Amino acid sequence: MKRSTFIRGLAALSATATLSLGLAPTASAQAANDFPNRTIELLVPYQPGGGTDGLARAFSEASRKHISQSIVIVNRPGAGGAIGWTEVINAKPDGYKLAVLTVELLTLPHLGLAKFNYDDFQPIAQLNADPAAITVKADAPWNTIEEFLAAAKKSPEGIRVGNSGNGSIWHLAAAALEDKTGTKFGHIPFQGAAPAVLALLGGHIEAVAVSPAEVTTHVQGGKLKVLMVMADKRVKGFEKVPTAKERGIDLSIGTWRGLGAPKNTPPEVMARLREITAKTAAEPLMHEVMDKQNLGYVYTDGAAFKETLAKDNAYFKALITKLNIKP
């Protein structure tokens, strides 16, 4: 009797275990179906006002049609982006804390300024690509890139060029321009492109090496002028501004922006995030805001964005080594 009771107990336990195992995927799928059921934080690792911040806010606004919860923008400037990215990397991988990724995610580790790697994130999608541009005050004595470079050669490091932080893409762009033209700038780092542009407006520096998007408003307002873009072709909204290659400088360099989640985020949640992002990226509002800010629209899905990360990581590692850039 005891034996039969014991066997029946084992059978019941086995059935319960089997049922539990069978329910596990359903519960996981249900959790993904419920995602998001609360506010999502999207961290921008720079101060408000720059192109990265503008892109994030456009995405947040355009996403409202596709999710019931809000995407709240949180600015975490500092260390060229490392502070914000580290926070997201260390966050619970549940899809509720995401980051805007920029190319500095690749450059900072090669400069010894960050211990993370690009594969600490799972890429959601790429949303943008922009070239570097050399911009000066509207009343500056230089009207061409040749005049600007001639002044830099006469006064090595006397021409101060602002960037969005040591190791940032705009720092690298200015350094690459030095390498290609035999000039030497004084590199002045800021916690994002917006503060660098404000310093230029205030006359504290002579130029910035940031994207056209980050100076659009001030160029349209007659306060700044763009001398050159470091792109393969002229930029929409800046059709009169020559490319570096048109001026005999073999240089094409810039940034991209996209979204990423901590690497251990569950695949069901990642699939939902990618679905939301694809729909949001196609929204007319997203395109309108990006066009207004002269942000270059480029959409690639998670798999293609991952390939871009790997390819660009190798490129910037080689560039930093060649130019011997030190933080």
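**Note on the predicted model: surface, ring pairs and salt bridges**

1. The protein chain exposes about 15,000 Å², and carbon and sulfur atoms supply 54% of that area. Accessible areas come from the Shrake-Rupley method with a 1.4 Å probe; for residues, only the protein chains shown count as cover. This is a predicted model, in which local features need pLDDT of at least 70 and side-chain atom pairs count only at pLDDT 80 or more, while totals for chains, interfaces and linings use all residues. Residues are numbered from 1 along each chain as its sequence is written, and side-chain values use heavy atoms, with hydrogens and water left out.

2. Overall make-up. The protein chain has eleven helices and ten strands; helices (H or I, at least four residues) and strands (E, at least two) are DSSP runs, numbered from the N terminus. Of the 327 residues in the protein chain, 52% are buried. Buried means under 20% relative accessible area, exposed means over 50%, and partly exposed lies in between (1.4 Å probe, protein chains only). Among contacts in the protein chain with a separation of 6 or more, 76% are between residues 24 or more positions apart; contact means heavy atoms within 4.5 Å.

3. Aromatic pairs. The structure holds seven of them. Rings of Phe, Tyr and Trp (its six-membered ring) pair if their centres lie within 6.5 Å; planes under 30 degrees apart count as stacked, over 60 as edge-to-face and the rest as tilted. Tyr-46 and Trp-85 make an edge-to-face pair, because their ring centres are 6.3 Å apart and their planes stand at 85°. This pair links distant parts of the chain, 39 residues apart: Tyr-46 is in the loop between β1 (40–44) and α2 (51–62), and Trp-85 is in helix α3 (residues 82–89). Tyr-46 is buried, at 7% relative accessible area, and Trp-85 is buried at 0%.

4. Phe-116 lies in the loop between α4 (104–110) and β4 (121–137) and Trp-85 in helix α3, so the pair ties together parts that are 31 residues apart in sequence. Both Trp-85 and Phe-116 are buried.

5. A charge over a ring. The charged end of Arg-38 sits over the ring of Tyr-96, at 3.8 Å from its centre. The criterion is that NZ of Lys or CZ of Arg is within 6 Å of the ring centre and within 35 degrees of the ring normal.

6. Thr-52. This residue belongs to helix α2 and is buried, with 6% relative accessible area. Leaving aside neighbours within four places in sequence, Thr-52 is in contact with Val-44, Tyr-46, Val-100, Thr-102, Glu-214 and Arg-257.

7. Salt bridges. There are 19 in the structure, each a side-chain nitrogen of Lys or Arg within 4 Å of a carboxyl oxygen of Asp or Glu. Lys-97 and Glu-41 meet in one at 3.6 Å, N to O. Because Lys-97 lies in strand β3 (residues 97–102) and Glu-41 in strand β1, the pair ties together parts that are 56 residues apart in sequence. Glu-41 is partly exposed, with a relative accessible area of 27%.

8. Lys-263 and Asp-120. Their side chains form a salt bridge at 3.8 Å, N to O. The partners are 143 residues apart, with Lys-263 in the loop between β9 (254–262) and α9 (267–281) and Asp-120 in the loop between α4 and β4. Lys-263 is partly exposed at 45% relative accessible area, whereas Asp-120 counts as buried at 17%.

9. Lys-311 and Asp-312. This salt bridge has an N to O distance of 3.1 Å. Lys-311 is exposed at 55% relative accessibility, while Asp-312 is buried at 13%. Elsewhere, salt bridges that share partners join Glu-41, Arg-76, Glu-87 and Lys-97 into one network.

10. Ala-213. Its place is the loop between β7 (207–210) and α8 (216–220), and Ala-213 is buried with 13% relative accessible area. The C-alpha atoms of Ala-213 and Gly-51 are separated by 5.9 Å, although these residues are 162 residues apart along the chain. Not counting residues up to four places away in sequence, Ala-213 touches Asp-130, Gln-293, Asn-294 and Leu-295.
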